Amino acid sequence: MTDQRTNPGKQGARRFGIDHSTGHIVMGPTRIPLPRSRAARMSIGGLLVIGGCLGFLPILGFWMIPLGFVVLSHDLHAARRMRRRFSVWWEKRRKSRL
């Protein structure tokens, strides 16, 4: 996840993940607000993961699985650790190709 603190001069720096200060999911320039209720966030994340597993059906898609894990990572420590490990692995992989 790219953080504004690492690029203080860039106002348009892209971010991905959850902005904990505002409670929004950030995907580049797009910001999606999360509900304040923990139960609502857990149910939305679970439904996204389950719907993503049915991605072969029309309207549903496999893109829902990672989005569901991002929503669940706001409340579940195991999902947060997996998301953090993935983001660290992704950054190492991306920097090694440069």
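This is a predicted model: local features need pLDDT of at least 70, side-chain atom pairs count only at pLDDT 80 or more; totals for chains, interfaces and linings use all residues.
I recorded an open sheet of three strands, in the order 1-2-3, with antiparallel pairing. Strand 1 (16-19) and strand 3 (30-33) each have a single partner strand and stand at the edges, so one side of each lacks a neighbour in the sheet. For the twist I noted an average of 20° from one strand to the next.

Next I examined how helix 2 is placed. I found that helix 2 lies across strand 1 and strand 2, and that helix 2 runs at about 140° to strand 2.

I listed eight residues in the largest nonpolar core: I18, I25, L34, L48, M64, L67, V70 and V71. Helix 2 (residues 64-72) contributes the most to this core, with four residues. I checked L67 separately; leaving aside residues up to four places away in sequence, L67 touches I25, M27 and L48.

My last entry concerns R41, which I placed in helix 1 (residues 38-53). Is R41 buried or exposed? I recorded a relative accessible area of 10% for R41, which is under the 20% limit, and R41 therefore counts as buried. I also listed the contacts of R41 beyond four places in sequence: L34, P35, R36, V71, H74 and D75.

Conventions: Residues are numbered from 1 along each chain as its sequence is written. Side-chain values use heavy atoms; hydrogens and water are left out. A nonpolar core is a set of buried Ala, Val, Leu, Ile, Met, Phe, Trp, Tyr and Cys residues joined through side-chain atoms within 4.5 Å. Buried means under 20% relative accessible area, exposed over 50%, partly exposed in between (1.4 Å probe, protein chains only). Helices (H or I, at least four residues) and strands (E, at least two) are DSSP runs, numbered from the N terminus. Contact means heavy atoms within 4.5 Å. Two strands pair if DSSP finds at least two bridges between them. Axes are lines fitted to C-alpha atoms, for helices over the stretch in contact, and angles run from 0 to 180 degrees between N-to-C directions.
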